[in-house]
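The sequence and structure come first, followed by notes grouped by topic.

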Amino acid sequence: MASLAETLETLEKRALGDLAGVGDDSALENWRNVYLGRRGALADYLRSVGQLAAADRPAAGQAANAVKVALEAAFADREAQIQALSLDARFEADRIDVTLPARRLHTGALHPTTQILRRIVSIFRDLGFRETEGPEVELDWYNFEALNIPPDHPARDMWDTFYVNPPSVLLRTHTSPVQIRTMERSTPPVRVIVPGRVYRYEAQDPSHEWMFYQVEGLAVDAGLTMADLKGVLVAFAQRIFWPDTQCKFRCSYFPFVEPGMEMDVQCPICRGQGCRVCKHSGWLELLGAGMVHPKVLTNVGYDPEQVHGFAFGMGPERIAMVTHVIDDIRLFYGNDLRFLQQFG
Ligand code: DAH
């Protein structure tokens with residue numbers, strides 16, 4: 001009996017010692033099989049109890065049971081410890097640092113040309129003009145002839161272009177052909193504002209692109225005069241720049257208007273004082289304009305004795321270049337995000 005009791009004690013010590021070294025679920029399971037399993041050490045022990053003298057069996061059995069209960073309790077404790085440990089480890093691995101600044105979301109923005117076009121069009125809408133558009137691939141008739149620029153007219157040199165199908169199909173060099181297209185399908189009064197892309201056969205440099213935008217304006221009605229034209233253009237300049245912006249009209253030549261002129265505005269950056277943007281003149285050329293030429297009215301079937309019109313055309317990139325002090329028009333269509341992202 002003494003020897004059996006000793007064996008039991010050693011067994012318990014060994015079991016508890018082993019258990020302390022168990023570090024994960026599978027080792028834990030193994031331990032359970034070795035000590036508490038059906039073929040484990042404790043089961044072996046119980047079998048040997050059966051060989052004792054009957055009188056000794058109850059005490060030996062009780063002792064063995066007490067050890068079994070103790071080992072089961074130790075097992076449960078260790079199991080709980082291991083679970084807690086692995087949970088800690090998982091938290092450690094999954095840890096989120098909520099103090100990190102969030103990654104910046106890049107939201108898109110309108111292109112600077114689109115932004116300025118929308119401002120221009122909305123000002124003219126307030127002044128009673130309707131927005132319309134025309135094709136970029138245009139016929140010679142609309143781009144030139146109907147605008148009083150016959151073949152071989154020297155004025156064609158101002159608008160050299162790309163031909164899609166020479167000599168009659170080309171990329172429009174200005175938005176002025178939309179004047180003709182609009183008048184053809186309307187009767188006066190006409191008041192339209194026409195944003196759109198135009199093309200020029202042009203060597204590129206800081207102030208020349210082969211593709212850019214224009215905004216054309218046209219009004220036709222009985223009794224329109226140069227005073228109406230000036231009133232509309234000054235109202236526009238004072239809305240897009242400063243409310244007290246000064247405007248200056250200079251005689252100029254465009255075949256589709258008579259008289260023709262250009263409007264200069266007081267430099268909106270230095271307000272006329274002279275700066276880099278206005279090349280120290282205090283003034284900036286803003287647009288071409290004039291009273292619609294009688295031949296143009298006749299070309300669309302209007303009677304120049306009955307109705308008069310005024311027209312104007314401007315470059316929106318130029319306005320954006322002035323207001324944002326951008327010194328190279330090529331930046332607009334170079335797709336460089338370092339440039340574009342400044343207009344978010
Ligand atoms: N179409 C001209 C150009 O591209 C600009 C222009 C001048 C438009 C006078 C007009 C105008 O309507 O009246 O240079």
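By class, how many nonpolar, polar and charged residues does the shell around the ligand have? The shell has 7 nonpolar, 7 polar and 2 charged residues, where Ala, Val, Leu, Ile, Met, Phe, Trp, Tyr, Cys and Pro count as nonpolar, Asp, Glu, Lys and Arg as charged, and the others, Gly among them, as polar. The model is predicted: local features need pLDDT of at least 70, side-chain atom pairs count only at pLDDT 80 or more, and totals for chains, interfaces and linings use all residues. Residues are numbered from 1 along each chain as its sequence is written, and side-chain values use heavy atoms, with hydrogens and water left out.

**Ligand site**

- The ligand is surrounded by 16 residues, the closest being His 174, Ser 176, Arg 200, Gln 214 and Glu 216; a residue is near a molecule if one of its heavy atoms lies within 4 Å of it.
- The ligand sits in the largest pocket. A pocket is an open set of points on a 1 Å grid over the protein atoms alone, where a 1.4 Å probe fits, with protein on both sides within 12 Å along at least five of seven lines; sitting in it requires more than half of the molecule's atoms within 2 Å of its grid points.
- Two or more residues of the shell come from each of strand 6 (211-221), strand 9 (283-292) and strand 10 (308-314); strands are DSSP runs of E with at least two residues, and helices are runs of H or I with at least four, numbered from the N terminus.

**Polar contacts (pairs of N or O atoms within 3.5 Å)**

- His 174 places a polar side-chain atom 2.9 Å from a nitrogen atom of the ligand.
- For Gln 179, a polar side-chain atom lies 3.1 Å from an oxygen atom of the ligand.
- Phe 312 contributes a backbone N or O atom, 3.3 Å from an oxygen atom of the ligand.
- Of the 350 Å² of accessible area that the ligand has on its own, the protein covers 92% (Shrake-Rupley method, 1.4 Å probe).

**Domains**

- The domain assignment, automatic or from a database, gives domain 1 (2-94) and domain 2 (112-343).
- Their C-alpha centres lie 95 Å apart.

**Backbone geometry**

- Pro 166 and Pro 167 are joined by a cis peptide bond with omega near 0°; Pro 167 is in the loop between strand 3 (163-165) and strand 4 (169-171).
- The bond between Pro 188 and Pro 189 is also cis, with omega about 5°, and Pro 189 lies in the loop between helix 7 (177-184) and strand 5 (190-199).
- Arg 271 is not a glycine but has a positive phi of about 55°; Arg 271 is in the loop between strand 8 (257-266) and strand 9.

Methods. A polar contact is a pair of N or O atoms within 3.5 Å; within protein, one must be able to donate a hydrogen and the other to accept it, and residues adjacent in sequence count only if both atoms are side-chain atoms. On a 1 Å grid over the protein atoms alone, a cavity is a set of points where a 1.4 Å probe fits but cannot get out, and a pocket is an open set with protein on both sides within 12 Å along at least five of seven lines; lining residues have an atom within 4 Å of a point.
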